[in-house]
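Visitor: I am new to this structure and would like to learn how to read its features one at a time. Could you take me through them slowly?

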Amino acid sequence: MPASDEGYQHIEHGFEPVFDRHSRVLVLGSFPSVLSRANAFYYGNPQNRFWRVIAACLGAPVPPNEGDPLADGTPATLDASIAAKRFMLLDGGVALWDVIESCDIKGSSDASIRNVVPAHIELITSSVSIEQVICNGGTAGRLYKRYLQERTGLPAVILPSTSPANAAWRLERLVECWREAVDWGAR
């Protein structure tokens with residue numbers, strides 16, 4: 001293997017988008033992290049602020065991560081965590097997916113992404129009336145514009161990434177930016 005290929009793996013996305021007939025805001029990430037792929041669900045790194053930002057925008061309680069204590073004091077299972085996150089999204093009219101169906105990637109690094117196969121966005125856009133597309137970070141935004149915007153006919157609002165790698169943005173600042181950019185309340 002040439003040195004330039006060292007550490008790269010070809011990875012398939014591996015899990016389905018979250019949406020239903022009430023979804024009107026589509027949030028797109030780039031590609032699942034190593035932890036998200038292991039959990040088979042979005043934003044699996046507890047340090048990622050996505051779930052806290054979305055909960056604040058929707059005025060909902062933050063859904064538990066696996067191991068977090070539930071109301072009765074027992075730790076949340078992975079299934080319970082995913083169910084709570086899915087419920088919050090759907091209850092808020094939010095669809096969630098990633099721009100990439102498969103790619104070559106080193107670990108979780110967006111900067112390493114190459115050989116992109118874009119997601120079949122029509123699975124969502126032909127089924128529900130999406131009013132607004134939001135990209136979580138610059139990589140998702142660039143890839144959406146390159147591969148998917150023409151197919152959807154919808155421009156995207158590119159918001160600062162909720163990734164822990166985006167340390168320049170404190171949680172409060174992220175929430176403020178995400179709240180201002182999206183009409184979360186018109187469900």
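Visitor: Where is glycine 137 found, and is glycine 137 buried or exposed?

Guide: Elements first: helices (H or I, at least four residues) and strands (E, at least two) are DSSP runs, numbered from the N terminus. Glycine 137 sits in the loop that runs between β6 (132-136) and α5 (138-152). A residue is called buried under 20% relative accessible area, exposed over 50%, and partly exposed in between, with a 1.4 Å probe and protein chains only. Because its relative accessible area is 4%, glycine 137 is buried. The model is a predicted one, in which local features need pLDDT of at least 70 and side-chain atom pairs count only at pLDDT 80 or more, while totals for chains, interfaces and linings use all residues. Residues are numbered from 1 along each chain as its sequence is written, and side-chain values use heavy atoms, with hydrogens and water left out.

Visitor: Which residues does glycine 137 touch, not counting residues up to four places away in sequence?

Guide: Contact means heavy atoms within 4.5 Å. With that rule, glycine 137 touches Ile158, Leu159, Pro160 and Ser161, residues up to four places away in sequence not being counted. From glycine 137 to valine 18 there are 119 residues in sequence and 19 Å in space, C-alpha to C-alpha.

Visitor: How many residues of helix α2 are buried?

Guide: Helix α2 (residues 50-58) has seven of its nine residues buried, so α2 is largely enclosed by the rest of the structure. Those buried in α2 are Phe50, Trp51, Val53, Ile54, Ala55, Cys57 and Leu58. Their cover includes β2 (25-29), α3, β3 (94-98), β6 and α6 (171-181).

Visitor: What should I look for in the backbone angles?

Guide: Most residues other than glycine have a negative phi, and most peptide bonds are trans. Just after α2, glycine 59 takes a positive phi of about 70°. Tyrosine 43 is not a glycine, yet its phi is positive as well, at about 50°; tyrosine 43 is placed in the loop between α1 (34-39) and α2, and counts as buried because its relative accessibility is 12%. Asparagine 115, another residue other than glycine, has a positive phi near 55°. Asparagine 115 belongs to strand β5 (residues 114-118) and counts as exposed because its relative accessibility is 52%.

Visitor: Where does proline 46 lie, and which residues is proline 46 in contact with beyond its neighbours in sequence?

Guide: Proline 46 lies in the loop between α1 and α2, and at 44% relative accessibility it counts as partly exposed. Leaving aside neighbours within four places in sequence, proline 46 is in contact with Leu35, Arg52 and Asn65.

Visitor: Where is proline 61, and is proline 61 buried or exposed?

Guide: The loop between α2 and α3 holds proline 61, which counts as exposed because its relative accessibility is 69%. Apart from neighbours within four places in sequence, proline 61 is in contact with Ala55 and Met88.

Visitor: What volume does the second largest pocket have?

Guide: Rolling a probe the size of a water molecule over the atoms shows where empty space is left. On a 1 Å grid over the protein atoms alone, a pocket is an open set of points where a 1.4 Å probe fits, with protein on both sides within 12 Å along at least five of seven lines, and lining residues have an atom within 4 Å of a point. Grid points are joined across faces, edges and corners, and a volume is the space filled by probe spheres set on the points. The second largest pocket has a volume of about 170 Å³. Twelve residues line this pocket, and the closest to its centre are Ala60, Pro61, Ala84, Phe87 and Met88. Helix α3 (residues 78-91) gives the most to this lining, with four residues.

Visitor: How many helices and strands does the protein have?

Guide: The secondary structure comes to six helices and seven strands, which follow the pattern β-β-α-α-α-β-β-β-α-β-α-β-α along the sequence. Of the 187 residues in the protein, 47% are buried.
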